[in-house]
Amino acid sequence: QGEKYASDTRKEASKPEVSEPEVSICSGEGSFSPPSDIIIDYEKIRKMDKSPLKRVKPYTIKAYEKYMLDDAGNEHYTFLNYISATYGDCRHFTDIGTRYVASSLAAGSNFKTPIWTFDLPTSVERKEAFRGRGEEKWKKVVQAEGVQIKFHNVDLMKVSDEKLKFYLGTWFVMLD
């Protein structure tokens with residue numbers, strides 16, 4: 001089932017102790033250090049296998065499917081797939097600006113890195129990506145595909161410093 005990350009265990013810490021298997025904690029959670037030296041290999045990006053993006057494209061709006069498969073340099077989705085596949089680990093990526101969920105899907109296309117995506121509380125654009133399914137049904141289908149996306153409807157400019165640090169407590173934050 002993959003590793004649990006520290007944010008999960010914080011929620012569980014307030015529960016009474018129950019005899020359960022030990023939870024594996026992501027050792028890098030809350031770390032601003034990338035997993036290794038990051039190298040932007042343009043040739044590798046241009047030659048990226050697009051099958052992970054093909055697998056997740058049905059979970060954004062139909063009009064965005066073509067953009068998700070467009071070449072790097074025209075669109076950023078192949079680059080996000082490269083970052084995810086090459087450097088993604090159990091620490092969450094933060095995507096600020098959910099819109100149609102396409103960037104979150106591309107960043108989660110390594111099928112192991114949790115994605116926390118943020119949009120204003122009044123935003124409803126992502127509902128179009130659900131294509132007639134409710135949010136819970138959409139999330140189940142996407143999770144079954146292997147992508148872990150957590151929606152946050154919050155104005156990051158209005159949260160406390162402590163909350164902001166918690167949300168951004170990872171090495172990869174994308175303003176999209």
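The face of α8 turned away from its buried side carries Glu 136, Lys 137, Lys 140 and Ala 144, which are exposed. The model is predicted. Its protein chain contains nine helices and four strands, and of its 176 residues, 43% count as buried.

**Helix α8**

- On the buried side of α8 are Trp 138, Lys 139, Val 142 and Glu 145.
- An α-helix has 3.6 residues a turn, so residues three or four places apart point the same way.
- The cover over the buried residues of α8 includes α3, α6, α7 (126–129) and β3.
- Just after α8 comes Gly 146, with a positive phi of about 110°.

**The largest nonpolar core**

- The largest nonpolar core has 31 residues, and Met 68, Leu 105, Trp 138 and Ile 149 are those with the most contacts inside it.
- At least two residues of this core come from each of α3 (51–56), α5 (77–87), α6 (102–107), α8 (135–145) and β3 (149–153).
- Helix α5 supplies the largest share of this core, namely five residues.
- Another core, of six residues, lies apart from the largest one; Val 154, Leu 156, Val 159 and Tyr 167 are among its members.
- In soluble globular proteins, nonpolar side chains tend to be buried together.

**Two residues and their contacts**

- Trp 138, once neighbours within four places in sequence are left aside, is in contact with Tyr 59, Val 101, Leu 105, Ala 129, Phe 130, Arg 133, Ile 149 and Phe 151.
- Ser 84 has its place in helix α5.
- Ser 84 counts as buried because its relative accessibility is 0%, and the cut-off for buried is under 20%.
- With neighbours within four places in sequence left aside, the contacts of Ser 84 are Phe 93, Ala 106, Ala 107, Gly 108, Ser 109 and Asn 110.

**The chain as a whole**

- Read from the N terminus, the order of elements in the protein chain is α-α-α-α-α-β-α-β-α-α-β-α-β.
- Among contacts in the protein chain with a separation of 6 or more, 70% are between residues 24 or more positions apart.
- The protein chain has an accessible surface of about 10100 Å², and carbon and sulfur atoms account for 51% of this surface.

Technical notes: Residues numbered from 1 in each chain as written. Predicted model: local features only at pLDDT ≥ 70, side-chain atom pairs only at ≥ 80, totals over all residues. Heavy atoms only, no water. Core = buried A, V, L, I, M, F, W, Y, C linked by side-chain atoms within 4.5 Å. Buried < 20%, exposed > 50% of the residue type's maximum accessible area, 1.4 Å probe, protein only. Contact = heavy atoms within 4.5 Å. Areas by Shrake-Rupley, 256 points an atom, 1.4 Å probe, with all protein chains shown as cover.
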